[in-house]
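This briefing goes with the sequence and the 3D structure shown below. Please read the two side by side.

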Amino acid sequence: MFENKIAVVTGGARGIGRAIAEEFRRSGARVCVIDLRSNDYFVGDLSEQAVLEAFAHKVIADYGHVDYLINNALPLMKGIDQCSYEEFNYALRVGVTAPFYLTKLFAPYFAPGAAIVNISSSRDRMSQPQTESYTAAKGGISALTHALAVSLAGKVRVNSISPGWIDTDCAVYEGPDADQHPARPGGKSHGHRPYGALSLFGQGGLSDGGEYLYRRRHDPPDDLSQRLWLEAAGEGLSVKTAICYYSRHHGNTRKVAEAMAGEGEADLIDVTARRMVRLEGYDLIGFASGIYYGKFHESVLRFARQYLPQGKPVFFVCTYGGAKGGGPRDVAELARERSCPVLGVFGCKGYDTFGPFRLVGGIAKGHPNARDLENARGFFQSLKKTYDSEETR
Ligand SMILES: Cc1cc2nc3c(=O)[nH]c(=O)nc-3n(C[C@H](O)[C@H](O)[C@H](O)COP(=O)(O)O)c2cc1C
């Protein structure tokens, strides 16, 4: 699958890095590891500029180009009580500066279709006590990822993976480690233990670490690693989508949103749920609503005002009894103000028993029907393709 591809893996002598390196080798790639520990390619300290330069020089001298750069090496895990000034800086040099500098050194040598995968962590968003050096570095590499992604757009795909705990030693975790984090986003279950290094790929960078694996922990690891590796390396990359919906009358809009979510990685967010939401981590945001008096329900606009990040690609979905009127006009206006490109609008009929229609048993009976839902799935698929196209990257 990766025959004749050149993969650079930092920290590739142990743990997650070794699993990634082995997976690449198994798939036919030539792997250039850099690690402090002994390995078959390059031993060196990633915190040193001269070492990074010597390593990059060797890779290019040996192979002439790079197809995949996996910035995996792990910075020190020390907290506010124990971590010295030097140790904190060391963690940042390994965890953030080295990924930046290797990318810079390899920039002229990335092959067409090349991909960078930065190994971040669920710590980029939440913490356990006494993990400041690690957490700061993981936050740094996550932010570095989106900056590089736009700087290198059209040349190299840049993504990050943010897994929860990865059990590379089959250890038994207890207490906060087993629970993972005091803050659990979105009420998702994070109280799991991953079953091995390759489960990294089961946590899919493009998803929130934890939940994905939790659902799939019984799947065969090999299948997981291979499929999700492809995602992480950018082939068949999934587009992480949030569909923020209001659906009260008959749950019509929710049915449509669920059909779309069934087509890929999409989280459904009820805009009336009254909990804190972060949309920054999504690639694509959908706003969905039944039509109420000719427009989206006002709670969708309120929600979008509060949470829609600047510049995020959006799409709209509506269901309506007879006519959608202005439809998503107000939210579309907000999107325009925030420089969010609108990638598409989907609408279909939805069973309506409002007011006088109730007397006749309602209109648009049976909608959304199987065909509506099929159209919704098709729309969502084509939307993801639009997202993947160069114009929106
Ligand atoms: C208070 C109210 C106002 C509505 N206004 C419209 C309207 O202006 N145009 C229309 O076509 N349908 C209208 N409908 C019908 C809904 O848009 C339609 O049933 C929609 O599918 C409901 O979505 P939901 O079940 O996801 O809430 C209205 C329904 C209600 C309850």
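The model is predicted: local features need pLDDT of at least 70, side-chain atom pairs count only at pLDDT 80 or more, and totals for chains, interfaces and linings use all residues. Residues are numbered from 1 along each chain as its sequence is written.

**Overall make-up**
- The protein has 11 helices and 12 strands; these are DSSP runs numbered from the N terminus, helices being H or I of at least four residues and strands E of at least two.
- Of the 393 residues, 47% are buried (20 or more other C-beta atoms within 10 Å of the residue's own, with C-beta atoms placed from the backbone; exposed is 12 or fewer, partly exposed in between).
- Among contacts (C-beta atoms, placed from the backbone, within 7 Å) between residues at least 6 apart in sequence, 71% join residues at least 24 apart.

**The six-stranded sheet**
- An open sheet with parallel pairing has the strand order β3-β2-β1-β4-β5-β6; two strands pair if DSSP finds at least two bridges between them.
- β3 (42-43) and β6 (157-161) are the edge strands, each with a single partner, so one side of each has no neighbour in the sheet.
- β4 (residues 66-71) and β5 (residues 110-119) run parallel and are joined by five bridges, with Val-66 opposite Phe-110 in β5.
- Helix α1 (residues 15-26) packs on the sheet and touches β1 (6-10), β2 (30-35), β4 and β5; its direction makes about 170° with that of β1.
- Helix α3 (residues 85-106) also packs on the sheet, touching β1, β4 and β5, and its direction makes about 170° with that of β4.
- These angles run from 0 to 180 degrees between N-to-C directions, with axes fitted to C-alpha atoms, for helices over the stretch in contact.
- Five bridges also join β1 to β2, again in parallel, and Thr-10 stands opposite Ile-34 in β2.
- Five of the six residues of β2 are buried, so β2 is largely enclosed by the rest of the structure.

**Helix α9**
- In α9 (residues 298-307) the buried residues are Val-300, Leu-301, Phe-303 and Ala-304.
- They lie on the same side of α9, because they cover an arc of only 160° around the axis, taken from the directions from the helix axis to the C-beta atoms.
- Those buried residues pack against β7 (241-246), β9, β10 (295-296) and α10 (329-337).

**The ligand shell**
- The ligand is surrounded by 23 residues, the closest being Ser-247, Thr-253, Gly-290, Thr-319 and Gly-350 (C-beta atom, placed from the backbone, within 6 Å).
- α8 (252-261), β9 (284-292) and β11 (314-320) each give two or more residues to this shell.
- By class the shell has seven nonpolar, 13 polar and three charged residues; Ala, Val, Leu, Ile, Met, Phe, Trp, Tyr, Cys and Pro count as nonpolar, Asp, Glu, Lys and Arg as charged, and the others, Gly among them, as polar.

Conventions. Contact = placed C-beta atoms within 7 Å.
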